[in-house]
Each structure stands twice: as structure tokens, then as C-alpha cells.
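Colleague: I'm new to this one. Can you walk me through it?

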Amino acid sequence: MSERIEEPVLDRAESEGEDRAVAILLTLAAVVGIVLGGRASLVRSSATDDWQQALREEIKTAAARVEDVRYVYTSEAPVAFQFDEATIRAEEARRAAGRSTGTTRRVLLVEAKTLSLYAKNLAEGIQKGLATGRYRTPKGGFDAARRLADQRRRFPDLLRIDPNRAEHRGDRLSRHAALEIAATIPAGVAFLLGALAEAFRRRRRPLLLAGFAAVASAVVLGVLVEAAFA
Amino acid sequence: MTDRTSFEKALAVLVGLTALVASLLATLELDAGRKGDQAALLGARLPVQIFQGIAASQLRGDFHLNTQREAGATGLQGLARLLSSFREHGALDFEDPLGRSQFAASKRLRAAALEMAAIPPASRGVDPVTTRAILATTKELAAQVRVQGQVIDRANAYSSRDGKAVFALSLVAIAAALLGLAAVFKAGPGGHIALGAGGVALALSAAWGLLALF
């Protein structure tokens, strides 16, 4: 008599326990999925921020770079080369005067003096140092490349900006977000298994076991992804 | 232990599938979105680099070309002076040596101009990006333009995929709402209609998600 009574009681208790397990599995799957999805969304947002920073830096550095090139090659270098031209022409006129006599010699010396004076005035009109030895090439030209390097070094902070760094940071965060969101798939599977366990009671146990395993794998995947990108 | 009715079973299966489809679509959407953003970023950075290359290389190229023209012009002046004095039969004796000095200066200027143009900017400490920009060739710029076009196409393709995934996710949300309604109405006519509509919305979302892949 007592056995007849105990069996249904045990069945009911077992059934209630499984009902609770289904509810716990569904809740866990939902919570894990939402947490992972939310985290992925935040990480992706950070990736977008870094990519936008890379673009802003690209524009900022390019503007500064082109302005430096423009300044050196159109404002300074042509005048510096005019100085070189006047200097070389004056030297050649003086050399020719050395080989001449009389009026010819005087005219050539006047020409040399005129060109030297012109060169001197040009040198005074351009930035100090451009007509000096630092920017002269062995053959008497203007070392525009050295001048450009010096011009660029005026703002070392600007020179240190590398848009690729921000882009690579964004790339890494973007991969992180993709893997994080992929970890929600096992959570989705767990939810499906929980729903199936609710519907098909005769196969509850294996469905519940598989469901908990899926939710655990979602958690493990999430932790592994976080650890890999920490 | 009593089993569920077929209505309840169908509802549970559809709810479970909704969760799974939602997670799959969210993954698809995020992946398409990030790849689209990545391509769009490159597509925006490249024109800046292209314009920078065009501007910087042209400024440098023009300067070096002009220095050689200047050197040549000085030589031509000297030559013209020589020819003029030759026609005057020595009336102005200084013109000849002056012309020759100009011609000699022209040779030196040309050598200086060539030397200036041949200086590798990196050897003077110009940073690598600026060096690349001022030495950019038409061929390199054309290649960059081609790559830019390709990444923009890629950005557009991923953006389209992203849009489809978002639409599919919206359908999933509708399916979830309808299934919730079915759970409230239970196995009555309203419940069956909501269940059917939810199932259709879910199937459509899955189909739309698959469509986004191609």
C-alpha cells in the first residue's frame, strides 16, 4: 500500500525538480546570451571609436604633412635656389674677370658684385640659416630634403601620431567582438534545448544535460575570448 | 508525468528556435557590420593618402623641374649673349666673357639641380610617410585608387549584408512577440493564429538571414 503511494510522490517530486531545472536552464541561457551579446556590442563600439580616431589622425597628419611640404618646396626652396643661382653666377663672373683686362674686367666685376649683392639680399629675406652650410649641397644647391626634415621635426607630437596604431587597435577589438557574439550561439542552442525539454517531457534528462553543457560551453567560450584579448 | 499538447510543443520548439535564430543573426549582423566598417574606414583613409601623395609629390616634382629649367634658362641667356656679341663684331668686348661665365654657371647650376633632386629624403631624416608621399609615382597612386575602389565595393557589400541581417533580426523580434501572444491566448483560435504568424515570421527571418549571406 505504502509503495503505491510513494511512487507518484517520487514522480511528482522528480518532475518538479526537472521543471525547476528547465526554468533554470532557460534563465541561464537567456542571461548568458544577453551578457555576451551586450559585451560584444560594447567591444564593437570601442572598435568603431578606434577606427574613427584612425581616420581623424590620418586627416590631421596629412594636412600637417602637405602644409610642411608646400611651405618648404614653394615658399623657401625656390628663393633658396635663386640665392644659389646668384651666388654661382657671381662666382663665374668673378672668375671670368680674373681672366680679363680693362673695361671687360671692370664690367665683369660690377656684374659679380651686383649678383653677390642680390644673393645677400635674398639671404636676408629668407629664414635665417637657409643660406648657410647646413642646407647647402656639395655642388652648391639647396638641400630641400634636409630642410623638410627639420621643418617636420618642429612638432614632434604630431610626428609621433600613427593612424595605423588606432586602426590596428580597432581591428583587434573588432575580432574580439565577433568572437564574443559567436559565443552566444551555444547559449541560443541551450535555450532551444531547454524549450525542447519543456515540450518533450519523456526526453527531458538528455535534453537538460545537453542544454546545461551548451550553456557552460557558452560561458567557457566567453571567458576564453576575454582572456585571449585581455 | 503528462506530455504537453501539440500546441504547447509547437510553441516551445518555436520559442527555442527563435532564441537560436536570434543568436545566429546577431553574429551575422555584427560580423557584417564590423567588416563593412573596417572596409569603409580604409575607403576613407585611402583618398586622404592619395590626395596627400598627389599634392606632396607634385610640389616636390615641380620644384626640382623648375630648378633644372632655371639652370637651362641661365645657359640660354649666356648663349644668346655670345651670339649677339658675335654679330656686333667685338663692339662690346665684355659681352663674350660674360656670356661664357653665364654658360659656365648654367652647367654648375644644372649639376647642383640634379644633385638636389637625387638626394634620398630618408637619408636626410624625412619620416617614412612623408618620404612615401613626396616620392609617390603616378603608377603607385593609380594602384591606390584601384584598391580604394575595391574596398568601397567591399564596404557596400557588407553594408547591404548588415542591413539584411538587421531586417531579419526585426522579423525575429516580431516572431518572439507573436509567440508570446500565442502563449497568452493558449490553444484557442487566437493562439493558433498567433502561433502560425510567429512561425511564419521566424521562417522569414531565417530565410532573410540566409539571403544576406549571398
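Modeller: Here is a short tour by question and answer. Keep in mind that this is a predicted model.

Colleague: Okay, the two chains. How many residues of chain B are in contact with chain A?

Modeller: 62 residues of chain B are in contact with 73 residues of chain A.

Colleague: Which helices of chain B supply at least two residues to that side?

Modeller: They are α1 (6-87), α2 (95-118) and α3 (128-134) of chain B.

Colleague: And which gives the most?

Modeller: α1(B), with 33 residues on the side of chain B that touches chain A.

Colleague: Left-handed or right-handed crossing?

Modeller: α1(B) passes α4(B) in a left-handed crossing. By class, the residues of this contact are 33 nonpolar, nine polar and five charged.

Colleague: Now α4(B) and α5(B). How far apart are their axes?

Modeller: Their axes are 8 Å apart. Helix α4 of chain B covers residues 138-185, helix α5 of chain B covers residues 189-213, and they pack at about 165°. α4(B) and α5(B) are therefore roughly antiparallel. Their crossing is left-handed.

Colleague: What residues make up that contact, by class?

Modeller: The contact of α4(B) with α5(B) has 21 nonpolar, five polar and two charged residues.

Colleague: Switching to chain A. Where does A:Val215 lie?

Modeller: A:Val215 is in helix α7 of chain A, residues 204-228.

Colleague: Buried or exposed?

Modeller: A:Val215 counts as buried, because it has 27 C-beta neighbours inside 10 Å. The cut-off for buried is 20 or more.

Colleague: What does A:Val215 touch, leaving out residues up to four places away in sequence?

Modeller: A:Val215 touches A:Leu25, A:Leu28, A:Ala29, A:Val32, A:Ala187 and A:Ala190.

Colleague: What separates A:Val215 from A:Ser116?

Modeller: 87 Å between their C-alpha atoms, and 99 residues along the chain.

Colleague: Last topic, α2(A). How many residues does that helix have?

Modeller: Helix α2 of chain A has 24 residues, 102-125. From its first C-alpha to its last it reaches 35 Å, close to the 34 Å expected.

Colleague: Which residues of α2(A) are buried?

Modeller: The buried residues of α2(A) are A:Val107, A:Leu108, A:Glu111, A:Ala112, A:Leu115, A:Ala119 and A:Leu122.

Notes: Residues numbered from 1 in each chain as written. Chains lettered and ligands numbered in written order. Predicted model: local features only at pLDDT ≥ 70, side-chain atom pairs only at ≥ 80, totals over all residues. Helix = DSSP H or I, 4+ residues; strand = E, 2+ residues; numbered from the N terminus. Buried ≥ 20, exposed ≤ 12 C-beta atoms within 10 Å, placed from the backbone. Contact = placed C-beta atoms within 7 Å. Axes fitted to C-alpha atoms, helices over the stretch in contact; angles between N-to-C directions. Parallel < 35°, antiparallel > 145°, perpendicular 65-115°, else oblique. Left-handed = near helix turned anticlockwise from the far one by under 90°. Nonpolar A, V, L, I, M, F, W, Y, C, P; charged D, E, K, R; others polar. Expected span 1.5 Å × (residues − 1).
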